[in-house]
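Visitor: I'm new to this one. Could you show me the structure and walk me through it?

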Amino acid sequence: MKTLPNQTASESAPRKRDHNPNHPSSDTSPPLVTGQCAQVHKIIREQGPVPSFTMTADYAIPEAAARVHDLRAKGFHVITTILPEFEFRGTVRRNVAVYSLGTPEWPAPGFLAAPQAARQRGLFDEH
């Protein structure tokens with residue numbers, strides 16, 4: 001926002017009271033993700049179905065499941081598939097989580113229809 005010569009930046013910024021979280025335009029674009037959440041989102045988007053072991057071993061993301069949970073809480077449509085057996089680096093692993101993005105990627109089904117408090121906790125009904 002442009003600042004007038006006799007106006008400070010804080011005076012020219014939009015006021016919090018002007019923000020309406022119930023206005024349709026405030027919920028129509030995916031939220032910004034940063035840090036490991038952004039890294040996990042990018043890996044899943046670019047590589048397709050990705051096992052949790054790959055994110056831990058190859059990308060140094062020790063708690064991939066927690067980052068996936070964070071993405072879901074923001075409304076991303078992350079799908080978890082549990083494979084009964086999966087070979088990783090020559091060893092068969094059991095009950096391995098594989099993550100992929102659903103369609104649409106955002107918002108997940110039921111996310112925008114959920115009450116605001118439930119969306120903030122990542123609790124919404126999937127259809």
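Visitor: Which residue does E85 form a salt bridge with?

Guide: First, this is a predicted model, where local features need pLDDT of at least 70, side-chain atom pairs count only at pLDDT 80 or more, and totals for chains, interfaces and linings use all residues. Residues are numbered from 1 along each chain as its sequence is written, and side-chain values use heavy atoms, with hydrogens and water left out. A salt bridge here is a side-chain nitrogen of Lys or Arg within 4 Å of a carboxyl oxygen of Asp or Glu. With the closest N and O atoms 2.4 Å apart, the partner of E85 is R94.

Visitor: Is R94 buried or exposed?

Guide: Buried means under 20% relative accessible area, exposed over 50%, and partly exposed in between (1.4 Å probe, protein chains only). E85 has 51%, so E85 is exposed. R94 has a relative accessible area of 56%, so R94 counts as exposed.

Visitor: How many salt bridges does the structure hold?

Guide: Side chains of opposite charge can pair when their charged atoms come close. Besides the pair of E85 and R94, you'll find R67 with D70, their closest N and O atoms being 3.2 Å apart. The structure's count of salt bridges is four.

Visitor: What separates R67 and D70 along their helix?

Guide: Helices are DSSP runs (H or I, at least four residues), strands are runs of E (at least two), and both are numbered from the N terminus. R67 is among the buried residues of α4, while D70 is partly exposed at 27%. The two sit three residues apart in helix α4 (residues 64–73), so what separates them is about one helical turn.

Visitor: Which parts does the salt bridge of R89 and D58 tie together?

Guide: Their side chains meet at 2.4 Å, N to O. R89 is exposed at 60%, and D58 is partly exposed at 46%.

Visitor: What phi does R89 take in the hairpin of β2 and β3?

Guide: Strands count as paired if DSSP finds at least two bridges between them. β2 and β3 pair in the antiparallel sense over 10 bridges. The hairpin has two residues between the strands, and there R89 takes a positive phi near 55°.

Visitor: What is the order of the strands in the sheet?

Guide: β1 and β3 run antiparallel, joined by two bridges, and V50 stands opposite Y99 in β3. Put together, it's an open sheet of three strands with antiparallel pairing, in the order β1-β3-β2.

Visitor: Which strands stand at the edges?

Guide: An edge strand here has a single partner strand, so one side is left without a neighbour in the sheet. That goes for β1 (50–51) and β2.

Visitor: At about what angle does helix α2 run to β3?

Guide: Axes are lines fitted to C-alpha atoms, for helices over the stretch in contact (heavy atoms within 4.5 Å). Angles run from 0 to 180 degrees between N-to-C directions. Helix α2 (residues 35–47) lies across β1, β2 and β3, and its angle to β3 is about 95°.

Visitor: Which residues is I43 in contact with, leaving aside its neighbours within four places in sequence?

Guide: I43 is found in helix α2, and is buried at 6%. Its C-alpha atom is 9.5 Å from that of S100, 57 residues apart along the chain. With those neighbours left aside, I43 is in contact with G48, V50, M55, Y59 and I61.
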